[in-house]
Amino acid sequence: MVEDNIWAASLEVYIRNRRWVLGYIVLAGALAVLESFVKVNSGTSIFVGVMTSTFLAIPAHIAVLTQLDTDQVSNWLKERPKAFFSFVRRCLLLGFLGAIAPFAVGIAMVIGGVHASVALLAAILVWVFSGIAAFAKWGTMLPAVIADDDQTLAAAGKRGSKVFGYAFPRLLISFGLITLLFIVALMLLFTLLGIDPKNPGSLSLVLPVVGATITAYQIVMTSLVLSRSYLRAQPPAPSTRRMAFVVGR
């Protein structure tokens with residue numbers, strides 16, 4: 001795997017797990033189209049989104065941390081059903097930790113008399129960076145689930161302190177830059193084709209698939225960065241069980 005280029009390494013993992021990527025694209029695209037017809041509350045949408053992402057994130061982490069073939073991932077999930085939900089819970093926890101700062105900033109600005117729209121914009125900007133910071137600080141709890149290591153917030157925080165400088169700028173790429181590039185490309189497409197963004201017509205069925213394809217790459221890159229961060233943090237010597245898992249026995 002290309003160690004010094006997360007773009008190429010992420011593409012390698014993306015292609016290696018193409019069946020899981022395709023499954024994610026189909027599922028996420030279908031859910032996006034469904035949500036355009038059926039109103040779903042934000043809490044349910046977030047939970048379903050995290051569960052859908054986990055189906056791709058786990059194989060991506062496994063690709064970086066272990067020597068298991070992609071064909072063995074299904075067996076891994078069947079043998080460790082609790083690991084899947086443990087992963088989902090920790091993703092939601094990281095999301096909550098990242099939302100604390102923007103929520104506090106937004107409330108403080110509204111109380112201070114700042115216009116609600118300005119407060120919302122400021123909260124969103126803070127949310128981007130605080131969310132990335134939360135994953136950079138505590139995100140190694142996710143690969144720890146795969147490695148059967150200490151998954152507590154305290155242990156993840158210690159690991160994160162060692163690799164924060166490595167993780168944060170790379171997560172800034174996976175979380176922020178790719179999203180920005182997608183939005184710019186979308187705006188250019190609408191402009192060149194003369195499409196009304198509020199009424200994209202036939203593109204309304206294509207855009208969810210395109211969005212899911214790009215999001216899949218973001219998930220893979222984020223998983224790659226977090227797994228590499230976990231390995232760089234030099235976790236404790238693995239147990240016999242974890243050693244057996246890592247070598248794919």
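## A cluster of rings

Ring pairs join Trp7, Tyr14 and Tyr217 into a cluster. Rings of Phe, Tyr and Trp (its six-membered ring) pair if their centres lie within 6.5 Å; planes under 30 degrees apart count as stacked, over 60 as edge-to-face and the rest as tilted. The model is a predicted one, in which local features need pLDDT of at least 70 and side-chain atom pairs count only at pLDDT 80 or more, while totals for chains, interfaces and linings use all residues. Residues are numbered from 1 along each chain as its sequence is written, and side-chain values use heavy atoms, with hydrogens and water left out.

By the ring rule there are six aromatic pairs. In one of them, Trp7 and Tyr217 are stacked, with 6.4 Å from centre to centre and 25° between the planes. This pair links distant parts of the chain: Trp7 is in helix H1 (residues 6-16) and Tyr217 in helix H9, 210 residues apart. Trp7 is partly exposed at 35% relative accessibility, whereas Tyr217 is buried at 16%; buried means under 20% relative accessible area, exposed over 50%, and partly exposed in between (1.4 Å probe, protein chains only). Phe84 and Phe85 also pair, and because their ring centres are 5.3 Å apart and their planes at 85°, the pair is edge-to-face. Phe84 is buried, with a relative accessible area of 8%, and Phe85 is partly exposed, with 44%.

## Around Tyr14

Tyr14 lies in helix H1 and is buried, with a relative accessible area of 15%. Leaving out residues up to four places away in sequence, Tyr14 touches Val21, Ile25, Thr213, Ala216, Tyr217 and Val220. Contact here means heavy atoms within 4.5 Å. Tyr14 and Ile219 are 205 residues apart in sequence, yet their C-alpha atoms are 9.4 Å apart in space.

## The chain as a whole

The protein chain has ten helices and zero strands, giving the pattern α-α-α-α-α-α-α-α-α-α along the sequence. Helices (H or I, at least four residues) and strands (E, at least two) are DSSP runs, numbered from the N terminus. Of the 249 residues in the protein chain, 39% are buried. Among contacts with a separation of 6 or more, 80% are between residues 24 or more positions apart.

Two further C-alpha distances involve isoleucines. Ile183, in helix H8, is partly exposed at 41% relative accessibility. Ile46 lies in helix H3 and is exposed, with a relative accessible area of 52%. The C-alpha atoms of Ile46 and Gly95 are separated by 9.8 Å, and these residues are 49 residues apart along the chain.

## The largest pocket

The largest pocket has a volume of about 1,700 Å³. It is lined by 47 residues, and those closest to its centre are Ile46, Val50, Ser53, Trp127 and Phe175. On a 1 Å grid over the protein atoms alone, a pocket is an open set of points where a 1.4 Å probe fits, with protein on both sides within 12 Å along at least five of seven lines; lining residues have an atom within 4 Å of a point. Grid points are joined across faces, edges and corners, and the volume is the space filled by probe spheres set on the points.

Six helices each supply at least two residues of this lining: H2 (18-37), H3 (42-65), H5 (81-111), H6 (116-138), H8 (153-193) and H9 (203-232). The lining consists of 29 nonpolar residues, 17 polar and one charged. In this division Ala, Val, Leu, Ile, Met, Phe, Trp, Tyr, Cys and Pro count as nonpolar, Asp, Glu, Lys and Arg as charged, and the others, Gly among them, as polar.

## A salt bridge and a positive phi

Side chains of opposite charge can pair when their charged atoms come close. The count is one salt bridge, defined as a side-chain nitrogen of Lys or Arg within 4 Å of a carboxyl oxygen of Asp or Glu. Arg80 forms a salt bridge with Glu79, and their closest N and O atoms are 3.4 Å apart. Arg80 is partly exposed, with a relative accessible area of 23%, while Glu79 is exposed at 59%.

Most residues other than glycine have a negative phi. Asp148 is not a glycine but has a positive phi of about 60°. Asp148 lies in the loop between helix H7 (141-147) and H8 and is partly exposed, with a relative accessible area of 31%.
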